[in-house]
Amino acid sequence: MKYDFDRVVDRRNTGSVKWDAIPSVFGRDDVLPMWVADMDFPVAHPIVEALKKRVEHEFYGYAQPGPGLVEAVVDRMQRKFNWRIQPGWVVFTPGVIPAIHIAIRAFTHPGDEVILQEPIYYPFFPAVTSSGCQIVNNGLKLVDGRYEMDYEDLESKFHPRAGMLPTRSRVKAIIFCNPQNPIGRLWNKEEMTLMGQILIRHGAIIISDEIHCEILFKGNRHTPFASISDEFEQNCIVCMAPSKTFNLPGLGASSVIIPNERLRNEFVNTRAGIVPSLNVFGLTAMEAAYRFGDDWLEQLLNYLQESLDFTIEYFEKRIPKIRVIKPEGTYLIWLDCRELGKDDMALRSLMREKARVGLDDGFLFGSDGSGFQRMNIACPRSILKEALRRMETAVNSL
């Protein structure tokens, strides 16, 4: 069926974090929310129908993933990424962030170190520190408008640093993100191979967040980290979910693929009694999305591509002091605002008070995000155009 992504739906007073939390998040109620990774598009019709059918059953007791859902996950990995996985590798959690918290607790001890590559999705920070671990930043390098990994710096994290005794490395894991949030980089096989070889050589586990892996712009193809080699497969866990792809974050359903039996057992044992099982509607929506959502997804990707092209052209022609870091994946746009010459609080004020647009502050993603803003373009084009118009007016008033 044909979906209308231009249709504006009023989401206020529905318990929406994106829309109903505007006053508490931004300090005023007249901003356009372009922040949290939540799309302003109704979900695919087959998902709605599947949920309606499940509601009509009238029993909502404790739920477990059935063989049909596991089969849907296995089949999707094969069809989308040419990655053949075994049903027994799949563990379900109520979200990727809970899965990452579990993984840190399972694979590290208090005092260990975990590598992040800033600027990085800010919920990763408490996932590390809440377990008593320390964050080690292997910051990404911005080279000619494109981010790259710093392999030399990554290698150095495993060697004694100032103030450390020359003992075994305390780095036990990395939380890797692909496509990378907030910068939109889709790391290719060669880049991941170089990174993975360093990490595995030093005994570190790779926790790979690949939640945005199906939101890709034209010419890009995702490679799951674990699919690169048997060695990589045995030294990582891969976190995926339909939540970003099919706009289902409120239903809390994700799959964690753990080929290594020892790691899988440690993960499952650690989650016991702490993280709840999935709710019945999350399980239902996940299976329906993976089996019947591709028609909607194809249309969505075409719409997002047009929105991205429009956004880049708008900034280049009308707000040239703000530079778009062109994404390869995700519907989140990383904006380089450093040419405006404002510190982070002044930049926040410009966007919230003058432009009346609610973006995510770049510094939330680590010190390397200072001077940047993150913008969500997954909304009807009319809302996007209004947000850009407001930003243009605010910047031009300086």
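This is a predicted model: local features need pLDDT of at least 70, side-chain atom pairs count only at pLDDT 80 or more; totals for chains, interfaces and linings use all residues.

Visitor: Then why is aspartate 144 called exposed?

Guide: Its relative accessibility is 79%, and exposed means over 50%, so aspartate 144 counts as exposed. You'll find aspartate 144 in the loop between strand S5 (141-143) and strand S6 (146-148). Aspartate 144 also has a positive phi of about 55° although it is not a glycine.

Visitor: What makes glutamate 58 count as exposed?

Guide: Here the value is 62% against the cut-off of over 50%, so glutamate 58 is exposed. Glutamate 58 lies in the loop between helix H3 (45-56) and helix H4 (67-81), and has a positive phi of about 70° while not being a glycine.

Visitor: How do you know whether alanine 241 is buried or exposed?

Guide: Alanine 241 has a relative accessible area of 5%, and under 20% means buried, so buried is the label. Alanine 241 sits in the loop between S9 and S10. Leaving aside residues up to four places away in sequence, alanine 241 touches Val96, Ile211, Ala253, Ser254 and Tyr290. Alanine 241 and glycine 252 are 11 residues apart in sequence, with 8.9 Å from C-alpha to C-alpha.

Visitor: What are the strands on either side of that loop doing?

Guide: Strand S9 (residues 236-240) and strand S10 (residues 254-257) run antiparallel and are joined by 3 bridges. Two strands pair if there are at least two bridges between them, so S9 and S10 count as paired. Cysteine 239 stands opposite valine 256 in S10.

Visitor: And which sheet do they belong to?

Guide: An open sheet of 7 strands, in the order S2-S10-S9-S8-S7-S3-S4, with mixed pairing. Strand S2 (90-93) and strand S4 (134-137) are called edge strands, as each pairs on one side only. Neighbouring strands of this sheet are turned by 25° against each other on average, direction ignored. Helix H8 (residues 189-201) lies across strand S3 (113-116), strand S7 (171-177) and strand S8 (205-209), and runs at about 160° to S7.

Visitor: Why is the pair of tyrosine 60 and phenylalanine 281 called tilted?

Guide: Their ring centres are 5.5 Å apart, and a pair needs centres within 6.5 Å, so the two rings do pair. The planes stand at 50°; under 30 degrees would be stacked and over 60 edge-to-face, so this pair is tilted. The partners come from distant parts of the chain, 221 residues apart: tyrosine 60 in the loop between H3 and H4, phenylalanine 281 in helix H11 (residues 280-292).

Visitor: What makes you say a charge sits over the ring of tyrosine 303?

Guide: The charged end of arginine 381 is 4.1 Å from the centre of that ring, and the distance cut-off is within 6 Å, alongside an angle limit of within 35 degrees of the ring normal. Lysine 385 has its charged end over the ring of phenylalanine 310, 5.5 Å from the centre.

Note on methods. Residues are numbered from 1 along each chain as its sequence is written. Side-chain values use heavy atoms; hydrogens and water are left out. Helices (H or I, at least four residues) and strands (E, at least two) are DSSP runs, numbered from the N terminus. Axes are lines fitted to C-alpha atoms, for helices over the stretch in contact, and angles run from 0 to 180 degrees between N-to-C directions. Contact means heavy atoms within 4.5 Å. Buried means under 20% relative accessible area, exposed over 50%, partly exposed in between (1.4 Å probe, protein chains only). Rings of Phe, Tyr and Trp (its six-membered ring) pair if their centres lie within 6.5 Å; planes under 30 degrees apart count as stacked, over 60 as edge-to-face and the rest as tilted.
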